[in-house]
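The questions below go through one protein structure, part by part. Keep the sequence and the 3D view at hand while you read.

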Amino acid sequence: MNEILSDAKKILHTAIQASLPDEAVKKFIGGKTFAFEGRVIVIAIGKAAWNMAKAAAENIPHRIDAGIVLTKYDHAKGEIPGFTILEAGHPLPDENTILGTQKIMDAVSGLTEKDTVFFLVSGGGSALFECPAGKLTLADFLDITDQLLKCGADIVEINTIRKHLSAVKGGKFAKLCAPAQVYCIALSDILGDRPDSIASGPACADASTVAEAFAISEKYNLKLTEEMRKQLAMETPKTLANVTMEITGSVTQLCADAARAAEQLGYTPLVLTNMLDCEAREAGRFLASIAKTIRKDGLPLRPPCAILCGGETVVHITGKGKGGRNQELALAAAERIAGMEGIVIAAAGSDGTDGPTDAAGGIVDGKTCGILAKKGISIPAVLAENDSNAALAAADALLITGATGTNVNDIYLLLCQ
């Protein structure tokens, strides 16, 4: 079992390393000819902001007049010459979010058609890059974001609401930059890579509508103030003439890289989907059911094989424990593969962070459930309390990677010998 656990970790590590943003930024900048006439400003937002900004600084080092990085706490890796490095809250915005965003807005004010803005976007940008619209306050944003995270809304629904309540999302940041040309380089953490949903589309014409925003509010019975309703009723920009956008990394690439890594280790790979978006614990049970089918019927593949999925599951929070969607998925799978030999199921966030924890996810095998049982830990009881982090820690089944510098959704792996 040590060998298969090691293989699973190698596959995940290789795939995540291949999705790091540095090369993608270099390729974008190196593959185009820029006629810089005026100022050159680099703005990087999201969990991968520092890495992306570093790559930009190394490729256009003598032409950057101003640079700002706005990333999650503990995600910056030092100074970058010519850049102001800022950190703020995630998944909930805080005072530093507002201050950092205002600095960025100030940096792009008063630009001309001769100026150029490189806007580097990665997952987490929706929470990290925020300025409330109208008379809304940070408290309003904390309230509505908390409601959205707890009700089980998917990321597109969450971002639709955010865009209409924000002064920078839904194409509004590009409007602030106009008439300067904006080159938006994005790492996608959105299923299907919908451009206007990546970090809530600050530099992308918005396809979501006022009607959709109110429909989401009604679907989840969100509690809205009068000012929230007023801002939701204001339409976002539908066309932008000053933006060139390119998506340089996504969960599709992450799964493909994982499949190649598995094949190199002697496993026959199969990517089932890169758009998994169901309840986390149900996804774990689903992967466990595939493991049983492989053992019984050799379907969909005969061992040794690797079944891969990508996406982003959801958790309906009912308890007061600590965990994340990937840890919950792994723990639910552990219960269903109890006693099985040569089976490993792992789930990891590509950014290295799963919920409000320092774990990227969890990795379990047929022994995990038994280990917990001997310690008096009931998996159903733990799941009811959403306390997967403590349970996996007790079984030495946490995946700890630290901040990876990228964010392209989550990856799920079933490995069978």
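## Questions on a predicted model

Q: What is the volume of the largest cavity?
A: The model is predicted, and the volume is computed from its atoms. A search of the whole structure finds one cavity of 30 Å³ or more. Its volume is about 40 Å³.

Q: Which residues line the largest cavity?
A: Rolling a probe the size of a water molecule over the atoms shows where empty space is left. The lining of the largest cavity is made by Val121, Cys184, Ala186, Pro195, Ile198, Gly201, Pro202, Ala203, Cys204 and Met245.

Q: Which residues touch the most other members of the largest nonpolar core?
A: The largest nonpolar core has 51 residues. A second, separate core has 37 residues, including Cys309, Ala332, Ala334 and Met340. In the core of 51 residues, those that touch the most other members are Phe118 and Leu415.

Q: Which residues are in contact with phenylalanine 118, leaving aside its neighbours within four places in sequence?
A: A contact here needs heavy atoms within 4.5 Å. With the neighbours within four places in sequence left aside, phenylalanine 118 is in contact with Phe28, Ile29, Phe34, Phe36, Val40, Ile41, Val42, Ile43, Ile60 and Tyr183.

Q: How many residues of strand S12 are buried?
A: In a regular strand the side chains alternate between the two faces of the sheet. Asp410, Tyr412, Leu414 and Cys416 point one way from S12, while Ile411, Leu413 and Leu415 point the other way, and all are buried. S12 (residues 410-416) is therefore largely enclosed by the rest of the structure, and its buried residues number seven of the seven.

Q: Which residue stands opposite leucine 415 in S12?
A: Strand S8 (residues 305-311) and S12 run antiparallel and are joined by seven bridges. Opposite leucine 415 stands alanine 306.

Q: Which residue of S10 is the bridge partner of alanine 346?
A: Strand S9 (residues 343-349) is joined to S12 by seven bridges, and the two run antiparallel. There, alanine 346 stands opposite leucine 413. S9 also pairs with strand S10 (residues 361-365) in the antiparallel sense, over five bridges. In S10 the bridge partner of alanine 346 is isoleucine 363.

Q: Which residues of helix H9 are buried, and what arc do they cover around the axis?
A: An α-helix has 3.6 residues a turn, so residues three or four places apart point the same way. In H9 (residues 210-219), the buried residues are Val210, Ala213, Ile216 and Ser217. They lie on the same side of H9 because they cover an arc of only 125°.

Q: Which helices do the buried residues of H9 pack against?
A: On the other side of H9, Ala211, Glu218 and Lys219 are exposed. The buried residues of H9 pack against helix H7 (155-165) and helix H10 (226-232).

Q: Is serine 217 buried or exposed?
A: Serine 217 belongs to helix H9. Not counting residues up to four places away in sequence, serine 217 touches Ile161, Leu222 and Leu224. Buried means under 20% relative accessible area. Serine 217 has 5% relative accessibility, so it counts as buried.

Q: How many of the 11 residues of helix H3 are buried?
A: The buried residues of H3 are Ala49, Trp50, Asn51, Met52, Ala53, Ala55, Ala56 and Ala57. H3 (residues 49-59) is largely enclosed by the rest of the structure, because its buried residues number eight.

Q: Where does proline 179 lie?
A: A cis peptide bond joins alanine 178 and proline 179, with omega about 10°. Proline 179 is placed in the loop between helix H8 (172-177) and S5.

Q: What is the phi of serine 200?
A: Serine 200 is in the loop between S5 and H9. At 0% relative accessibility, serine 200 counts as buried. Although it is not a glycine, serine 200 has a positive phi of about 65°.

Notes. Residues are numbered from 1 along each chain as its sequence is written. This is a predicted model: local features need pLDDT of at least 70, side-chain atom pairs count only at pLDDT 80 or more; totals for chains, interfaces and linings use all residues. Side-chain values use heavy atoms; hydrogens and water are left out. A nonpolar core is a set of buried Ala, Val, Leu, Ile, Met, Phe, Trp, Tyr and Cys residues joined through side-chain atoms within 4.5 Å. Buried means under 20% relative accessible area, exposed over 50%, partly exposed in between (1.4 Å probe, protein chains only). Helices (H or I, at least four residues) and strands (E, at least two) are DSSP runs, numbered from the N terminus. The arc is that of the directions from the helix axis to the C-beta atoms. Two strands pair if DSSP finds at least two bridges between them. On a 1 Å grid over the protein atoms alone, a cavity is a set of points where a 1.4 Å probe fits but cannot get out, and a pocket is an open set with protein on both sides within 12 Å along at least five of seven lines; lining residues have an atom within 4 Å of a point. Grid points are joined across faces, edges and corners, and a volume is the space filled by probe spheres set on the points.
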